[in-house]
Amino acid sequence: MKHWLEPAALLLLRLKWRGFWRKQWRRVRTPSGALLALLGGALGTLWLASISMPMFRRGPTRLGADEVELLAQAALAVIVVITLSTSLSFRGLYVPATEIETLFSAPLSRPTLIRMRLVVALARSGLGACFAGLGASRLGSSPLYAFAGAFTAFLWAPILGQGVAIALGGAENRLAARLARAPHRALRIALIAGLLFGLVGLLSQSPDASQSPARAPLEFLRQVAERPVVSALLAPFWPWARAVSATGPEEFWPAFALCAAILAATLAVVGGLRVDFRETALATSADMARRLARMRRGLGAGGVEARRLPLAWRTPWLFGRGPFGAIAFRKTASILRRARGGLVFGGVVIAVLTVFASNWSEPAGGGMRSALLVAAFGAFYLSLGLRYDFREELDALASIRSWPLAPWKIFLATIAPQIALISLLVTGGVLLTLVRANDLDLRFAGLSVLIGLLVATWVCIDNLAFLLAPTRSAPGHDGVLQHMGRSIVLALLRSVTMAAALAAAAAPVLVCVHLLGWTMESALPLGLVGAAFVLCVEVAALIAAGGLALARFDVARER
Amino acid sequence: MSRTVLEVRGLSRRYGALVAVDGLSFQAREGEILGLVGPNGAGKTSTLRSIAGVLPTPADVITVCGHDIARDEEAAKRCLRWIPDDPQPFEALTVHEHLEFTAALYRCADWRDQARDLLERFELTEKRDALGGELSRGMRQKLSMCCAWLGEPRLVLLDEPLSGLDPRGIRSAKQAIVELAARGAAVILSSHLLELIEALATRLLILDQGRCVFAGTLAEARAAFPEQQRGSLEEIFFAATSKPSGNGGAPGA
C-alpha cells in the first residue's frame, strides 16, 4: 500500500519537529533565556488561565442551545471568510524560500509536498484551535462538546484555505498570470467587503428596547440568519455549530462524526490535488522572503518596500550638507520612499485627534485644553506608531559605526528626522486646534518647543533601549516566549525611564507650587521654562548615552 | 562509449517579456564535466533550475537518465542533485540529520560510512551536531556538497560551488568534483571563475542572452576563435560573448 506521506517526507517532518524542540531547549539553557522564557510563559499561562478558568468554574450557560448554535455558525462563517482571505494572499503552495530549492528538486511528488504542508498547517493551527475550543467551552451547554466542535472547526478552516489557494494557483498557471491574479484580488476584496457589510448591516439595526441588552444582539443575528441568502451561507457550518451547542451525546456524536469526516475528506481532497504549483509557489515564496527580510531588518510589520518618488519630489537635506546632514538625509529619504502609508496614517491620527479634541473641550477658553490633549495623545501615539530609527539599521550597524562622525552625532542624526516628523505633525495638529478655537497666541511657541523636547526624550529612550538590547521578532523567528518576556522587561524599563524623565521635568513647577507656595498660574511660566531646561539636559544626556551605546555596540553579537 | 545522462532539447524560459533561455539544446555524458559560463543574465541559473525540476518545463525537453523530467519527474530527480549558488540547509536540522534525510530521500542504502567519509573530506566532522541555521556560508556550501555526493548521483548540477569556501575547501571541492566525474557522474558546473572551469571542465557551454554561443572542448573553442589560438578561457569567453547575439556564435554553437 502506498503511504499517504512518503517515508522521506515523514522523516523530514520528524527531524524538523525534533529540531524545533532542540532549539527551544538550547534557548532556555542560558540563565537569561530561561528567565525570559519564564516571564513570557507566565504571561501566556495567565492569559490562557483567564480564558479557561470559567470553563471549570462556571454555572449553567445562560444561552439556549439554539442560540449557541446560531452564534457558533456565525462565528465560524467569519473565521472561514478571514482564513480564506488570508489564504488568497498566498498564491499556490507556500514553501519557505530556504527550503524551496531543496524540496522542489527532490524526488518527492507534488501531492507529498502539499501533504507535508498540510501536516505543518494542522500542527500550527492546533494551538489556535485549543484556544478557540477553550473560548467556545464557555458558551456551550457542555464544555467538552463545545471544545471538540470548535477545535475541529479551527483545524478544518486552514486546510480549506490552503486547498483554495492551491486550486487558484493552478488556475493562474493555466491562464495568463495577470488575468488570474485579478480574481485573487477581487475575491479577497469581495470576501472582506462582504464581511464588513454584513457586520455593518447587523450593527446598524437598532435593538428592540424590550430586549435585554445581552440578548438583543442575538435577536438581530437570528433575524438576519432567517433571511434565505444568509441562511444558505451559514448552512455549511451546521455540523460544527451543532457539536458546539450539543446538550447530550445523542446530539454531539453524529455532529462530531460529520465534522471529523469533513476534515478527513478535505485533507484527502487537498492532499490529492494534482496541480503544478511550482511557478506560483516560487513567486509567492520569493515575495514572502523579501517581505520577511524587510520585517527582520525592522522595516515595520508590513515590511513595506521602498518606492521611487515622482521625479519632481526631491528629498530635502533638512540638517545641512555636512556628514551629520548626510546621515539625516539618508533617513529622511528612507521615510519618504518607504513610509508614505505611515505618514498618511500619522496625518489621519492627528486630524481625528484635532476634531475630537475641539469637540470635546468647552467652547469658552477651551482652545489650550484641546491643544494640550492633541499634543499629549499625538506625541504619545505617533512616537509609538511612526518608528524610523535604529530598528531598521541593525544589519547596517557595522558600516554605520565606521562613518567618520562622533557616535553621539550619528545617534542624533539617525533619529533627528523621526523626531522632526512627529513634532511637525503634532505641532500642526496643535496649531489647527488653536486656530479653530481662535485661541492662537504666544503660548503656541512654548508648547511647540515642549512637544519637540518630549518627542525627542521618548525617541532617545526608545533607541537607547534598543541599542542596549537589540532584538526584534518577525514571523518565522524562534524564541517567542523569550521575545515576549524580553518585550515586557524592556517596555517596563522604557516606561519607568520616561516616567522619571517627566517627573524631573515637572519638578520646577511642583517646587514653585508646593515648596514656595506659588499659585499654579504664577508658577506656570517659570515652571515651563524650567521644564524645558530640564528636558534639554535630559535629551543631551540621552544623546550622549545613545552615542556611548552605539560605540560599544557589538555587531557580532547574536540576536 | 559513455552514455548520455542529460539531454536538453530546445529549452526556453521567459520571465514576462524577458527571454532568459532561448531554445537551448545540449547533452551531458557520463564522466563529463560540462562548464557552463556566461555573463550575468545569460540564463545559466534558469537552465540549471529547469533541469533540476525547480522550474516547470514542457514534456520532451529535458531527459535525465532516460526519464523525461516533465513526465517521469520523480525518477528523473532521483538521478540528479542540485546545489544552488547559496544553499540553504534546514534551520533546525543538524548536519548529520541532513545526511540522514538525504539518504532517505534518495533511498541510499548503507549510507553511514559514506556520510562519515564525506564529513571528514569536507572538514565537517566537528560540525556534525551543529544546526543548519548555525552554519557559515562556506559550511553551508560544504554541507550541500556532502548531501549531493551521498549515494551515487548520475548528474550533479553545481551553481558557483566554490563561493564562500576557504582555500582548503576549494581544493577539496575541486578534487571531489573530478573524482565524482571519474566515477561516471555527469557534472554541470556553472561559475564565473573561468580558471576553475578551465581547470576542471572537459567541455564548455558558453551562454549569452539565453542562447548557446559556443559548445565544445577548449581546444575546439581555440579553433573556433582563430584569434585566440593560444588564449585562455577568459579571452575566448570575451571573444564569444562580444559577438552580436543571434548569429549562432561560433561554429560549435
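Strand 7 (residues 155-159) of chain B runs parallel to strand 8 of chain B, and five bridges join the pair. Strands here are DSSP runs of E with at least two residues, helices are runs of H or I with at least four, and both are numbered from the N terminus; two strands pair if DSSP finds at least two bridges between them. The model is a predicted one, so local features need pLDDT of at least 70 and side-chain atom pairs count only at pLDDT 80 or more, while totals for chains, interfaces and linings use all residues. Residues are numbered from 1 along each chain as its sequence is written, chains are lettered from A and ligands numbered from 1 in the order in which they are written, and side-chain values use heavy atoms, with hydrogens and water left out.

Back to the strands of chain B. Strand 8 itself covers residues 186-190, and five of its five residues are buried, buried being under 20% relative accessible area, exposed over 50% and partly exposed in between (1.4 Å probe, protein chains only). B:Ala186, B:Ile188 and B:Ser190 point one way from the strand, B:Val187 and B:Leu189 point the other way, and all are buried.

Chain B as a whole has nine helices and 10 strands. Of its 253 residues, 57% are buried. Its accessible surface is about 10600 Å², with 47% of that belonging to carbon and sulfur atoms; areas come from the Shrake-Rupley method with a 1.4 Å probe, and for residues only the protein chains shown count as cover. Among contacts (heavy atoms within 4.5 Å) in chain B with a separation of 6 or more, 67% are between residues 24 or more positions apart.

Most residues other than glycine have a negative phi. B:Asp110, though not a glycine, has a positive phi of about 45 degrees; this residue is in the loop between helix 3 (95-105) and helix 4 (112-121) of chain B and counts as exposed because its relative accessibility is 74%. B:Gln209, also not a glycine, has a positive phi near 50 degrees, and its place is the loop between strand 9 (203-208) and strand 10 (211-216) of chain B.

Over in chain A, helix 4 (residues 97-105) has A:Glu99, A:Ile100, A:Glu101, A:Leu103, A:Phe104 and A:Ser105 buried. Those buried residues pack against both chains: helix 1 (7-28), helix 5 (110-137) and helix 12 (278-296) of chain A, plus helix 1 (44-52), helix 2 (73-79) and strand 6 (80-83) of chain B. There is one cavity of 30 Å³ or more, a cavity being a set of points on a 1 Å grid over the protein atoms alone where a 1.4 Å probe fits but cannot get out, whereas a pocket is an open set with protein on both sides within 12 Å along at least five of seven lines; lining residues have an atom within 4 Å of a point. The largest cavity holds about 40 Å³, a volume being the space filled by probe spheres set on the points, with grid points joined across faces, edges and corners. Its lining is made up of A:Leu103, A:Phe104, A:Leu108, A:Arg110, A:Leu113, A:Phe277, A:Arg278, B:Glu73 and B:Lys77. Helix 4 and helix 5 of chain A and helix 2 of chain B each give two or more residues to that lining. By type, the cavity lining has five nonpolar, no polar and four charged residues; Ala, Val, Leu, Ile, Met, Phe, Trp, Tyr, Cys and Pro count as nonpolar, Asp, Glu, Lys and Arg as charged, and the others, Gly among them, as polar.

The second largest pocket has about 1200 Å³ of space. It is lined by 33 residues, with A:Leu372, A:Leu447, A:Leu450, A:Leu454 and A:Leu528 the closest to its centre. Helix 18 of chain A gives the most to this lining, nine residues, and the lining splits into 27 nonpolar, three polar and three charged.

Finally, A:Thr280, in helix 12 of chain A, is buried because its relative accessibility is 2%.
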